[in-house]
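Good morning, and thank you for coming.

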Amino acid sequence: MSQLAASQATSRILSALAAALPADALLTEPEQLAPYECDGLSMYRQPPLAVALPYTAEQVQAVLRICHAHHTPVIPRGAGTGLAGGVLPRADAVLLSLARLKRIVRIDPLARVAVVEPGVRNAAISEASAAHGLYYAPDPSSQIACSIGGNVAENSGGVHCLKYGLTVHNVLGIKGFLADGTPLSIGGEAPDDSGLDLLALMMGSEGLLVVVTEVTVRLLPRPRVAQVVMAAFATVEAAGDAVAGIIGEGIIPAGLEMMDALATRAVEDFVHAGYPLDAGAILLAESDGTAEEVADEIARIEAVCRRHGAVSLAVSQSEVERLKLWAGRKAAFPAVGRITPDYYCMDGTIPKKHLSAVLRRIAELSERHGLACANVFHAGDGNLHPLIFFDANQPGDVERAEAFGLDILRACVEAGGVITGEHGVGVEKLDAMCVQFAAPELATFHAVKAAFDPAGLLNPGKAVPTLHRCAEMGAMHMHGGKLLHPELPRF
Amino acid sequence: MPVSSAGPTGTLDAQSGAGPAGASTAVLDPAERILADAICAAAADQRVLHLRGGDSKRGLGGTAHGEPLSTLGLRGIVDYDPAELVVTVRAGTPLADLQAELVAHGQMLPFEPPDWPGATVGGAVASGLAGPRRAFAGSVRDALLGARLLDGRGQVLRFGGRVMKNVAGFDLFRLQAGAWGRLGVLLEVSFRLLPRPQREETLRLPMAANEAIQRMNRLAATPLPLGGAAWCEGALHLRLCGSAAGVDAALPGIGGQTVEPAAAAAFWAGCAGMPPGHRPAADMRGPDQLEVPLWRLSVPSTTRSLGAEGEFAVDWCGGLRWLATDAPPSEVRSLAASLGGHAMAWRGNLAQPAMHPLDPVRLALHRRLFDVFDPHGVFDSGRFDAAAVQAASGAT
Ligand SMILES: Cc1cc2nc3c(=O)[nH]c(=O)nc-3n(C[C@H](O)[C@H](O)[C@H](O)COP(=O)(O)OP(=O)(O)OC[C@H]3O[C@@H](n4cnc5c(N)ncnc54)[C@H](O)[C@@H]3O)c2cc1C
């Protein structure tokens, strides 16, 4: 397209959008677009063509239809707290913000469900259900800011997901639109849709398959009591053994978190949560439920920790103490942010039994790449958050941090794990996807994308790398250059 | 203690070892190769295959078409470490074998699948059927962590993994639960497990269905260790599961009579696949012999009792209703749809499609997904096609 033709096309789509939306629902000025240049992964930035901020599902549909007719990519955006560049704009794309669809449509306390619009903040659902003694269980650390639509698109987890599940386990239905504006309704209050479980496929689809405009979630009764045990261990290995011991006891703690020595020290300096500074690792294990259940479980958790050589142990005796013990874990990222100019948060998951081997590997890699790394760990479900220290102002540091990060994810895959436990792939982990999946799986992902969005206009280029990219990376699993099982006939 | 019982071919170790998930997809053991060859041959001569495990769900969800392809050669637990709360098992493994192994380690599948004689793990996943614990501990797909499968090109695909948290790639493994083998042959699946509750108590409280539905929903909104809530034969049945301390503390507040453990176990096992207290599970194998058609309705949990419409049992804390009715299928479907749910013909009404018809948008997506996984139409589509025909003819 010539430059003139391109700018004519741009003005055509912008005027079509302007005609379909209220005056304050379309942003096109550079200074208006600036806040939308990136999400929580601020290493990547790019202003979009325009930002649409519809108020209603009908306006969302209109935006999609117009963009489809003009063959213009659309990037759905929630609160922009994603950590993988999932809402990174493109210069030729319309960023479709769902932030203004923030109505709580209804809460049914007897059926224990809430129907909400996608821009509703995660924490707002629990706040609105609190009067009924109910809450929405998945609690990403970003819960005061992130939107339920973003949670659906990322299948977000939280500190309590070992016991209460991820987003996929707590969403009952969605309504939304396909890329061309076709309305779609999947699931609802009745269990198990008929036909294929499309709802499960929508969870974690990173805005590539559907734009979500309504979400029905399950609410749970708020536990009567919660108590936390903080146990310190001389080594990460001992703490890891204690985790296996707790689960081996038949206990599923409401939360089970670990921090290594570097993370513990950073946190203790920052919030003074009372963590011992000489420990190799500390473990936080929470129990919730009725008073009787909690008393019993806490006693058993304490016993396991002692058996595995805990060097110190504290049990919260009040809500204030419980929150204080958690404050450290919750502030882990900002605490690390105080001791390094920048940090890069990884998100691999591994089978727990390989924890110490993987942490040893991370320590080796840290030396090799010349960058420090603190480890915060959802220990119960094997989800690691290594935080790589770097300084974006130092030439070459960003590249080193990314190379270190990819090596960590390789180590996770080699240990039988995966490259992302809860943050998603976005643009950030496209290369890592080539490590985890072989060509036939990636081709299937692309075909599924095309089944929902034949024109390839919804959040294109995210979440699934092209086969070409993987081939270039040299990470395709071709086994010595051979085709996968060449003995089979091909069609 | 990790268990690694190799299948008949003894080649499992190569697959279960740590290594790039993608790399091992190329490995096919002889039992798997037989299946891949059969798929490729069927694709070449345009034949249709229907996948068969233990044949325990024959007739359910529709009649099978095409040549049977047995998965029984895929046998054995590939990887089980109780401290991970994860098990990886081959699809043709008898469900009973898996359950026995889990029981021996004090663990269980959260979704409490119907354990009909001969049932295999692959069939349990493909049918997506869950028992009474489903309302509290999740469905089949909720427990699924990953799967290896052969698609309609005879190609091995591995989705998901063996860990609890994983958001890499689309969740195409979860899509296999309830797909009735339409998207591929499951080779190996990984589940998230739960510890078996330290203590279980079942209470029986005589009351009418409507009152029971209200009561179960109200109880579920309070923090009680519930693991089952069903109504049949004039009584609400509640199962409390958890730590001994927790269950003991909860019991007095609820009232009712405790059901003696063996009777309670039989009751809940019956619910898992059969309308509670209705007919023995063995009847599943003879659907044609029954006079009154049986329906399984999925509805919002607080839906009124459908007693007038033939409801004789309620499970899943109100979300599942069993109806025995001679009403025309279209009426039962409309009833379910008007309540915001859907109906599956369970037994005795095989003359018409079992699956609830799909709306046109979802139907189109189904067709495209079938093409993605099975471009040559190798896998039996009977259950889905019948539903599609019905959708086209205007029934909802
Ligand atoms: C400090 C911090 C802590 C965090 N902690 C956690 C944590 O504990 N657990 C965790 O899982 N994540 C965590 N995150 C990551 C992030 O908060 C989650 O991924 C969250 O779900 C993103 O929600 P959002 O509304 O900000 O979505 P966005 O970042 O706006 O978007 C994320 C993705 O969702 C898509 N999307 C958004 N809305 C819609 C919609 N309505 N329809 C279709 N697609 C849509 C976008 O296209 C994009 O691909 C954390 C982030 C930060 C900054």
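How many residues surround the ligand, and which are the closest? There are 32 residues around the ligand, and the closest are Pro76(A), Thr81(A), Ser142(A), Ser147(A) and Ser156(A); a residue counts here if one of its heavy atoms lies within 4 Å of the ligand.

Please note that this is a predicted model, in which local features need pLDDT of at least 70 and side-chain atom pairs count only at pLDDT 80 or more, while totals for chains, interfaces and linings use all residues. Residues are numbered from 1 along each chain as written, chains are lettered from A and ligands numbered from 1 in the order in which they are written, and side-chain values use heavy atoms, without hydrogens or water.

Ser142(A) places a polar side-chain atom 2.5 Å from an oxygen atom of the ligand. For Ser156(A), an N or O atom in the side chain is 2.7 Å from a ligand oxygen atom. For a polar side-chain atom of Asn459(A), the distance to an oxygen atom of the ligand is 3.3 Å.

I now turn to the domains. Chain A is divided into domain 1 (3-97), domain 2 (104-221), domain 3 (225-335) and domain 4 (342-475), with bounds from an automatic or database domain assignment.

How values were computed: A polar contact is a pair of N or O atoms within 3.5 Å; within protein, one must be able to donate a hydrogen and the other to accept it, and residues adjacent in sequence count only if both atoms are side-chain atoms.
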